[in-house]
Structures are given as structure tokens and as C-alpha cells.
Amino acid sequence: MSMVFKHNGIGTDGIDRRLSVAPMMDWTDRHCRFFHRQLAPSALLFTEMVTAEAILHAGAGRFCRHDGAEHPLALQLGGSDPDRLASAIEAVAAFGFDEINLNVGCPSPRVQSGSFGACLMAEPELVARCVSKMAQATDVPVTVKCRIGIDDMDEMSGLDRFVDAVASARARIIYLHARKAWLDGLSPRENRDIPPLNYSRAGMLAERCPELDIVLNGGLCSADDIAGATQGRQFAGVMIGRAAYKTPLVLADMASQIQGTEPASLLVLGEIMTGYARAQMADGTPLHAITRHMLGLAAGMKGAKQFRRRLGEEARVQNADPALIMDTIEQLVAVNEKSVA
Ligand SMILES: Cc1cc2nc3c(=O)[nH]c(=O)nc-3n(C[C@H](O)[C@H](O)[C@H](O)COP(=O)(O)O)c2cc1C
């Protein structure tokens with residue numbers, strides 16, 4: 001199985017976009033990203049979406065703290081006011097994000113009422129103005145994440161028109177969730193599953209716009225899925241959401257097949273995460289805020305249920321010891337070695 005990406009995935013900005021982990025609210029916080037980094041040493045990681053207004057009201061520190069190991073790291077912003085977005089970018093400058101991404105794909109009603117997210121696909125000129133202003137406020141690439149359309153928008157002409165507008169504002173990189181968002185009637189969760197995936201539409205866009213880098217997102221659950229969806233198409237890379245979170249070892253496999261990286265072994269991972277948890281706990285972070293992102297680590301292995309239960313429950317007790325991470329991983333490794341022997 002081979003996976004070939006346009007210009008080997010390295011953009012003119014030097015960032016390797018062959019593999020990204022998608023922005024996911026409540027999931028891809030800084031602890032999750034630190035964990036993912038151990039599994040996918042070169043993948044581009046994304047923050048959860050943060051609104052420009054939240055940054056401007058509550059201050060950047062609350063949302064932007066991260067560990068140096070998380071780089072390359074993109075900040076995803078939500079908003080639709082070009083000046084406010086630019087001000088938010090200025091406010092986060094000191095945090096050194098490698099890329100700023102504008103969310104034009106989120107279908108949540110809360111987001112729609114703020115008039116940003118997926119509903120902006122119906123307003124390409126406004127998105128272009130946002131991107132243009134944002135790019136003036138930073139030296140790092142400003143990129144867009146969107147769907148192939150919304151509601152009854154034509155998937156062919158509507159997407160082309162949207163992308164042309166964004167490209168005219170000199171955005172060069174588009175993360176494309178290859179399904180529509182149906183804003184009327186579906187919950188955000190349903191909107192991630194029910195509108196059909198259309199990889200071939202995404203492929204057509206990549207072919208039509210060779211000057212852009214199109215990163216394919218949506219429903220990619222294994223390296224085989226990626227090979228199938230990208231074969232013969234001109235994508236710059238893939239972005240993985242739920243599969244990366246729910247099955248972290250699949251993320252490690254994708255990273256090694258796409259980027260040739262070696263993930264930490266389970267025992268080394270245990271050591272690293274235990275040390276990380278110890279340091280974070282000294283700053284007041286509860287252990288489960290870190291371990292909750294690790295519960296899928298054993299997915300598909302013997303003892304997965306017990307691993308999940310112990311790590312899930314014992315991390316929540318008062319004075320939980322970070323050594324729990326190493327303990328549960330050692331137990332997992334032992335059970336699986338026994339079954340191999
Ligand atoms: C829990 C959750 C939260 C999400 N939050 C965001 C978000 O903040 N911004 C965004 O652009 N997409 C968000 N998404 C969508 C993902 O980035 C991704 O586009 C989608 O899940 C499809 O990719 P997948 O099939 O690989 O999961 C979220 C998805 C999930 C499951």
C-alpha cells in the first residue's frame with residue numbers, strides 16, 4: 001500500500017501536512033495533543049476551536065497555553081468579523097502557533113447564531129475578507145477548514161465559488177471535510193455521520209485548483225482507508241478526527257505509514273505520560289484531565305476493557321497517583337505478551 005501526496009506533503013511554508021489531527025472541541029485540549037504527539041511525532045496538531053471573541057474577552061492565556069512538544073500546532077479560530085479575528089491573532093502572537101485556521105465547517109446551532117462556522121460557506125466574500133485581514137495580522141499561514149457545502153447549496157458550483165473567493169484572499173490551504181453540513185434539522189453529531197461522504201468531489205477540487213493544497217478529512221479510520229481515498233488524487237494530506245482520538249494506536253500506525261515516524265513503545269509512552277502528568281498535577285491539573293484522553297489506547301488489545309475501567313475510574317479518586325498510568329500500561333503489556341507467548 002502506498003500513499004502519495006502532492007509535493008510529498010511539504011508546503012511552501014515548510015509544514016508537513018500529510019497528516020493532521022483534526023480540531024475537536026472538548027477533546028483536542030493541550031493534554032490530548034501532548035499525548036497524540038508521542039504517537040505521531042510529525043503530525044500537524046490542531047487546538048479546539050476558540051472564538052475570537054473569547055480570546056478578546058477572556059485573554060489569550062486561558063486558551064493558548066501549550067507544551068513546546070505540541071509543535072507543529074495550528075490554532076483554530078471561530079468568528080466572522082475580519083477586524084475581531086485580526087485582533088485575536090495579534091493577541092495570541094506570543095504563543096507561537098505555526099498556523100491559524102478559520103473554522104468554516106462547524107454546524108452547531110450555537111455557532112450559527114454567532115454567524116460563523118459552516119453557515120459562512122454561504123458567504124464566500126465575507127470569508128475572503130476575514131482571511132485577508134487575518135493574513136495581514138500574522139506571518140504564519142492562514143488556512144480554512146470547511147465542508148463541501150451546506151443545505152441545498154450545489155456541491156459543484158457552490159464549493160468552487162467558495163474556494164475561488166478564499167483563494168483570491170490568498171489562502172493556500174484548505175482542510176475539506178468531504179460531506180455537506182445540513183444546518184436545518186441535524187445535530188452537530190448527526191452532521192458528522194449522516195450527510196454522505198464524497199471523496200471524489202474533494203478530489204475534483206484538488207485537480208481543479210493545483211495552486212491550492214487540499215487536505216482531505218472525514219471518515220478515515222485506518223491507513224487502508226487513507227490509501228483508498230487518496231489514490232490517484234492530488235491531496236496534500238489527510239486530517240483525522242475521531243479515529244485518532246478513539247483509537248490512538250491507529251493514529252500511530254497512520255503516522256508511521258505516511259510520515260515514516262516511529263511512535264514511542266507502550267512502556268516508554270507510559271513513562272512519558274506519567275512524567276507529564278506528575279508535572280501538570282503540580283500545577284493543579286487533575287489526573288483524569290489527562291488520562292481521559294488515553295482511554296482508547298488499548299482499543300483492540302486484550303485487556304482493553306479493564307485498562308479503560310481502571311484508568312477511567314482510579315484517576316478520578318482523590319489524591320490519585322500519576323503512577324497509575326504506568327501501572328495500567330504495564331498491566332496491558334503483560335496481558336498481551338502472555339497472550340502472544
Ligand atoms: C467531539 C468533536 C468535536 C469537534 N470540534 C470541532 C471543532 O472545534 N472545529 C472543527 O473545525 N471541527 C470540529 N469537529 C469536526 C472534526 O474536526 C472533523 O472534521 C470531523 O470529525 C470529521 O472527521 P473524522 O471523520 O475523521 O472524525 C469536531 C468533531 C468531534 C467528533
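Numbering starts at 1 in each chain and follows the sequence as written. Because the model is predicted, local features need pLDDT of at least 70, side-chain atom pairs count only at pLDDT 80 or more, and totals for chains, interfaces and linings use all residues.

Helices (H or I, at least four residues) and strands (E, at least two) are DSSP runs, numbered from the N terminus. Burial rests on counts of other C-beta atoms within 10 Å of a residue's own: 20 or more is buried, 12 or fewer is exposed, and anything in between is partly exposed. The C-beta atoms are placed from the backbone.

A cis peptide bond joins His71 to Pro72, with omega near 0 degrees. Pro72 sits in the loop between α3 (61–64) and β3 (73–78).

Positive phi values occur at His7 and at Asp26. His7 belongs to the segment before β1 (19–21). Asp26 is in the loop between β1 and α1 (30–39).

**Strand β6**

Strand β6 spans residues 173–177, and five of its five residues are buried. Both faces are covered. Ile173, Tyr175 and His177 are buried on one side. Ile174 and Leu176 are buried on the other.

Which strands pair with β6? Pairing requires at least two DSSP bridges between two strands. Strand β5 (residues 142–147) pairs with β6 in the parallel sense over four bridges. Lys145 stands opposite Tyr175 of β6. Strand β7 (residues 213–217) also pairs with β6 in the parallel sense, over five bridges. Here Ile173 stands opposite Asp213 of β7.

**Crossovers**

A crossover is right-handed if, with the strands pointing away from the viewer, the path from the first strand over the helix to the second runs clockwise. β5, helix α7 (residues 157–168) and β6 form a right-handed β-α-β unit. From β6 the chain crosses through helix α8 (residues 199–208) to β7, and this β-α-β crossover is right-handed.
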